[in-house]
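Subject: The structure I promised you

Hi,

Have it open while you go through my notes below.

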Amino acid sequence: MPFEQHQEKTYPKDAKSIYDAALAVPAKMEGKVISSAPDKFRVEARFPKVIFGKTLGERTQLSCEVRSQGDTCLVVVDAFPLDAVERKLMFGARPGVTKTVVTWFMAHLEHALGLENQ
């Protein structure tokens, strides 16, 4: 299983509303936004080892970019594990941790957009 995760999903919403929702998700997941670019609809966040009381094993860094495609928007999420001093972890990561964080992020994003049943 790869350490890095990449997911793309299309939503029938405007870029601004998706970006605003993505900006709020890290706080709901006990993470923090480390950078944001409203003009590019891009958010970067870091998540701790423990989310929702579940110990995952690694910290995770995630970036989310919203790309407008006419009536819909493409959401591109990339994530990777971090070591104890918040550097990219190149080996020794636990399987499934980064994928779990990405899955939870996307689920919270869809819930915030009112699209959880799609």
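To start with, how many bridges join strand 6 to strand 7, and in which sense do the two strands run? There are eleven bridges between strand 6 and strand 7, and the two run antiparallel. Strands and helices here are DSSP runs, numbered from the N terminus: a strand is E with at least two residues, a helix is H or I with at least four. Two strands count as paired if DSSP finds at least two bridges between them.

Some ground rules before the rest. This is a predicted model, where local features need pLDDT of at least 70 and side-chain atom pairs count only at pLDDT 80 or more, while totals for chains, interfaces and linings use all residues. Residues are numbered from 1 along each chain as its sequence is written, and side-chain values use heavy atoms, with hydrogens and water left out.

**Around strand 6**

Look at who faces whom. Arg42 stands opposite Glu65 in strand 6, and Arg67 stands opposite Leu74 in strand 7. Glu65 and Arg67 form a salt bridge, with their closest N and O atoms 3.7 Å apart. (A salt bridge is a side-chain nitrogen of Lys or Arg within 4 Å of a carboxyl oxygen of Asp or Glu.) Shared partners join Arg42, Glu65 and Arg67 into one salt-bridge network. Glu65 is partly exposed at 22% relative accessibility, and Arg67 is partly exposed at 36%. For these labels, buried means under 20% relative accessible area, exposed means over 50%, and partly exposed is in between (1.4 Å probe, protein chains only).

Ser63 is in strand 6 too, and it is buried, with a relative accessible area of 9%. Leaving out residues up to four places away in sequence, Ser63 touches Arg42, Val43, Glu44, Val76, Val77 and Asp78. Touching, or contact, means heavy atoms within 4.5 Å.

**Salt bridges across the chain**

How many salt bridges does a search of the whole structure find? The count is eight. One of them links Glu4 and Lys88, whose closest N and O atoms are 2.5 Å apart. Glu4 is partly exposed at 44%, and so is Lys88 at 37%.

Another salt bridge brings together Glu110 and Lys9, at 2.7 Å from N to O. Glu110 lies in helix 2 and Lys9 in strand 1, so this pair ties together parts that are 101 residues apart in sequence.

**Helix 2**

Helix 2 has 17 residues, which should span 24 Å at 1.5 Å a residue; the end C-alpha atoms are 25 Å apart, which agrees. The expected span is 1.5 Å times one less than the number of residues. Its buried residues include Val97, Val101, Phe105, Leu109 and Glu110. An α-helix has 3.6 residues a turn, so residues three or four places apart point the same way. Just after helix 2, Gly114 takes a positive phi of about 75 degrees.

**Some loops to click on**

Glu30 is not a glycine, yet it has a positive phi of about 70 degrees. Glu30 lies in the loop between helix 1 (15-28) and strand 2 (32-37) and is partly exposed at 42%. Phe41 also has a positive phi, near 55 degrees.

Last stop: Asp14, in the loop between strand 1 and helix 1, is partly exposed at 44%. The C-alpha atoms of Asp14 and Gln69 are 9.3 Å apart, though 55 residues separate the two along the chain.

Cheers
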